[in-house]
Amino acid sequence: MIQVKIRDIAVSHGKKVVDNSIYLEHFKQRGKDVEHFLKDVIGRDKRYLFDTEEQSTLTLSLEAIQALLLKTGLTGQDFDMIILSSQLPEYIAPPTSIKIHNVIGGKKECICYDMNSNCCGMVLAYEQTAKYMSVSPNVSRTLLIGCDYINLTIDPEEENLYGHYGDAACAVILEKTDEDCGLIDSICHVKSEGVDVALFPGCGFSNMFRVRDNKELLIKFDPPKENVPESAVDTIKTVLDRNGLAPSAISMFCFSQYALINIKKIREQLGIDEEHSLYIGDIYGYTGTSSPFIALYESLIKGCIKRGDYVLLWTIGCGSQNIGLLCKF
């Protein structure tokens, strides 16, 4: 076990709460009934959205970070690394993580970088960071943030995407520890035959300043053919089996919140109940890279997890790549 623990966690989200009615009416006017798909398949009820055009992945990340610093009494000077997981950071030059470093008063001897692995980015960043920290004597504490602004990339005429997403950020402190907790194991599975399922920008970056219609910038979507629950169960069983654990040993499965129907099928195949696999996509919407960690946050708020419990995070990103990560909280 790599003894790098999740010390604490905080979440921020858009201030506007929007229910399904606006999307149902939107598509009804286009002769489409999406109620069953939106409610029963994807599992949406409400979602948090930005309420002003001034908000971004940077402003939302900073809100989560400030909540975390207030909660822990730490300052920007206490972090040896600052990592932002985002598929749409507010800036790519400089890295948005350096903008964050500037606002929170980070110290000179600090590593900052942005990471993009789409929706599995924050879990993958946790894995990579913990491993780096374990071999770096001068890196003891990392600030990890996950935030996406997927709504900005969605075509409102695409019923497979429009209405699914929420705007939220999650900030986590990863810290070296002598306690019996940390990262136990992880595995990534890549199925690149689905590489063109969701392309953003739809026209490619090399063409983004040449397009005449801004809709060409939006996600170019082709409904995936991959059996996602099957992929998830394969990954999860592999991680559990090689560590001699049964699903019943896990206090909380923090899944991708993309589709409720996927979570229901994973539960069924692994024999997991709702109590040990919290679903929060009906409250937050789907928040991309941060979604498994927001499920973790809500599990902690509800008292479902205590220090020393086994937690398994699983999520999947475009391409596709899915990751299962086992840790002792």
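Domain 1 and domain 2 bury about 3200 Å² between them, 64% of it on carbon and sulfur atoms; buried area is the accessible area (1.4 Å probe) that two parts lose on being put together, summed over both. The model is a predicted one, in which local features need pLDDT of at least 70 and side-chain atom pairs count only at pLDDT 80 or more, while totals for chains, interfaces and linings use all residues. Residues are numbered from 1 along each chain as its sequence is written, and side-chain values use heavy atoms, with hydrogens and water left out.

Domain 1 covers 3-178, and domain 2 covers 183-194 + 225-328; these bounds come from an automatic or database domain assignment. Their C-alpha centres lie 18 Å apart. In the interface, 41 residues of domain 1 are in contact with 35 residues of domain 2, contact meaning heavy atoms within 4.5 Å.

On the side of domain 1 that touches domain 2, strand E1 (4-13) and helix H5 (121-134) are among the elements that each supply at least two residues. Helices (H or I, at least four residues) and strands (E, at least two) are DSSP runs, numbered from the N terminus.

Two cis peptide bonds can be found in loops. One runs from Ala93 to Pro94, with omega near -5°, and Pro94 is in the loop between strand E4 (81-85) and helix H4 (96-104). Another runs from Phe200 to Pro201, with omega near -10°; Pro201 is in the loop between strand E9 (198-199) and strand E10 (220-221).
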